[in-house]
Amino acid sequence: MTGQLSTNPELSMAALLSAFGPNLEFARDLAPLSSFKTGGKASYFIAAGSTGEVTKAVSAARRLKIPFFVIGGGTNLLISDSGFSGLIIRVEVTGLKLRSETEIECGAGEELKALINFATENELTGLEFAAGIWGTVGGAIYGNAGAYGGEIGSVVSEVSLVDLEGRPRTVTAEYGRFAYRDSHFKRTREIIVSAVFKLAKGQKQAIEQKISDILVQREEKYCNLGNSAGCFFKNIPDPKEKYGKLSAGRLLDEVGAKELEVGGAKVFEKHANIIVNKGNASSQDIRRLADIMKKKVRDKFGVELTEEIVQIGDF
Ligand SMILES: Cc1cc2nc3c(=O)[nH]c(=O)nc-3n(C[C@H](O)[C@H](O)[C@H](O)COP(=O)(O)OP(=O)(O)OC[C@H]3O[C@@H](n4cnc5c(N)ncnc54)[C@H](O)[C@@H]3O)c2cc1C
């Protein structure tokens with residue numbers, strides 16, 4: 001659900017607190033929760049630490065006709081400067097445990113990094129590709145986060161979620177219909193509360209080595225990056241290219257994107273598909289810069305770039 005509906009001005013603070021519980025926050029500043037460090041306020045905000053809390057928040061929002069939007073680590077978001085007129089639910093469901101010799105059950109609010117560390121400690125291989133990807137497990141499943149030829153969807157076996165009626169249920173990986181930076185959850189907007197990952201037995205030293213190699217490569221690519229949300233646009237599917245994708249960064253490089261700036265937003269000098277907040281950017285600066293980048297690629301190559309980042313609120 002997004003900000004298409006407006007919040008109901010008739011609702012008193014007491015009625016809202018009674019429906020959502022005492023942890024409901026009002027006029028919450030969202031910029032600190034986004035890795036771009038931009039954006040306005042949410043009318044209402046709640047951090048949900050359990051499936052029950054997610055269920056309660058979704059059911060109350062439905063009952064009171066308040067639009068809501070779910071966030072995790074905020075590392076793939078562009079939040080409107082005018083904020084979000086509705087409820088932001090931040091999924092903070094934590095917990096990591098072995099379900100079997102090769103399966104890990106993980107709360108959606110866990111950092112992806114914590115899941116990778118847990119897998120390494122338990123000598124489980126299959127998640128190394130994700131080393132260095134920011135954000136939470138829920139966000140990674142939603143966007144089928146990936147790198148170095150691997151994708152989260154390929155190691156997920158089960159997802160527990162709360163649907164838009166506020167009902168909890170568990171689905172298998174097939175339901176997720178994972179594809180490049182895509183999942184069925186993008187369409188259903190269901191809220192992921194936990195997941196099971198099916199890995200394989202490996203050797204701790206070999207796992208650590210793989211992770212360390214990837215982190216070294218990422219450090220070279222991203223050092224001194226600053227406030228950003230990683231790649232702004234998706235790569236373009238192309239079977240002739242490495243990993244089956246034509247790099248959006250390469251096209252952007254060829255149109256001179258690394259020289260571009262709008263207000264406080266600029267393109268990262270080491271990677272033409274990354275926008276950085278120099279410190280004083282507004283989300284509108286970032287959006288305008290992204291539009292210029294898109295136009296340049298369209299004009300030169302006839303290719304329409306599509307956003308990997310997710311926008312919240314009006315632009
Ligand atoms: C420096 C840097 C490098 C990055 N490198 C990579 C990379 O290599 N590969 C890659 O794929 N990404 C990369 N990213 C992008 C980002 O880290 C991932 O997309 C990450 O998976 C987003 O997770 P999040 O928890 O921060 O999600 P958020 O940014 O909070 O949300 C993103 C989307 O996920 C949805 N969402 C979040 N949690 C849930 C949930 N529990 N249930 C349902 N929906 C949910 C939100 O509604 C939103 O639509 C990078 C980002 C940065 C800043």
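**Figure 1. The shell around the ligand in the predicted model.** Helix α4 gives the largest share of the shell around the ligand, 4 residues. The coordinates are those of a predicted model. In total, 32 residues surround the ligand. The closest are Gly72, Gly135, Gly138, Gly139 and Gly230. At least two shell residues each come from β3 (68–71), α4 (137–142), β9 (146–147), β13 (191–198) and β15 (227–231). By residue class, the shell holds 18 nonpolar and 14 polar residues, and no charged ones.

**Figure 2. Isoleucine 192 in the largest nonpolar core.** The largest nonpolar core has 87 residues. Within this core, Ile89, Ile141, Ile191 and Ile192 touch the most other members. Leaving aside residues up to four places away in sequence, the contacts of isoleucine 192 are Ala108, Gly138, Ile141, Tyr142, Val159, Leu161 and Phe185. One of these partners, Gly138, is also listed with the closest residues to the ligand. In soluble globular proteins, nonpolar side chains tend to be buried together.

**Figure 3. Phenylalanine 185 at helix α5.** Phenylalanine 185 lies in helix α5, which covers residues 185–188. With 23 other C-beta atoms within 10 Å, phenylalanine 185 is buried, because the cut-off for a buried residue is 20 or more. Its contacts, not counting residues up to four places away in sequence, are Ile141, Tyr142, Gly176, Glu190 and Ile192. Ile141 and Tyr142 also touch isoleucine 192. The C-alpha atom of phenylalanine 185 is separated by 9.8 Å from that of asparagine 144, although the two residues are 41 apart along the chain.

**Figure 4. Asparagine 144, a residue with positive phi.** Asparagine 144 sits in the loop between α4 and β9. Both of these elements supply at least two residues to the shell around the ligand. The phi angle of asparagine 144 is about 45 degrees, a positive value, and the residue is not a glycine. Asparagine 144 has 21 other C-beta atoms within 10 Å and is therefore buried.

**Figure 5. Alanine 27 in strand β1.** Alanine 27 belongs to strand β1, residues 25–29. Its phi is near 50 degrees, positive in a residue other than glycine. Alanine 27 has 11 C-beta neighbours inside 10 Å and so counts as exposed, since the limit for an exposed residue is 12 or fewer.

Figure 6. Isoleucine 66 is placed in the loop between α2 (51–63) and β3. Strand β3 (68–71) contributes at least two residues to the shell around the ligand. Isoleucine 66 is buried because 23 other C-beta atoms lie within 10 Å.

**Figure 7. Aspartate 253 in helix α7.** Helix α7 (residues 248–254) contains aspartate 253. The count of other C-beta atoms within 10 Å is 15 for aspartate 253, so the residue is partly exposed. Lys258 and Ala272 are its contacts, not counting residues up to four places away in sequence. Serine 183 is 70 residues away from aspartate 253 in sequence and 28 Å away in space, C-alpha to C-alpha.

**Figure 8. Domain 2 against domain 3.** The chain is divided into domain 1 (13–91), domain 2 (96–205) and domain 3 (225–312). The C-alpha centres of domain 2 and domain 3 are 27 Å apart.

Figure 9. The secondary structure comprises 8 helices and 21 strands. Along its principal axes the C-alpha trace spans about 55 × 50 × 30 Å. The radius of gyration of the chain is 20 Å, which agrees with the value near 20 Å for a compact globule of 315 residues. Of the 315 residues, 43% count as buried. Among contacts between residues at least 6 apart in sequence, 66% join residues at least 24 apart.

Conventions: Residues are numbered from 1 along each chain as its sequence is written. This is a predicted model: local features need pLDDT of at least 70, side-chain atom pairs count only at pLDDT 80 or more; totals for chains, interfaces and linings use all residues. A nonpolar core is a set of buried Ala, Val, Leu, Ile, Met, Phe, Trp, Tyr and Cys residues joined through C-beta atoms within 7 Å. Two residues are in contact if their C-beta atoms, placed from the backbone, lie within 7 Å. A residue is near a molecule or strand if its C-beta atom, placed from the backbone, lies within 6 Å of it. Ala, Val, Leu, Ile, Met, Phe, Trp, Tyr, Cys and Pro count as nonpolar, Asp, Glu, Lys and Arg as charged, and the others, Gly among them, as polar. The radius of gyration is taken over C-alpha atoms; the globule rule is 2.2 Å times the number of residues to the power 0.38. Domain bounds come from an automatic or database domain assignment.
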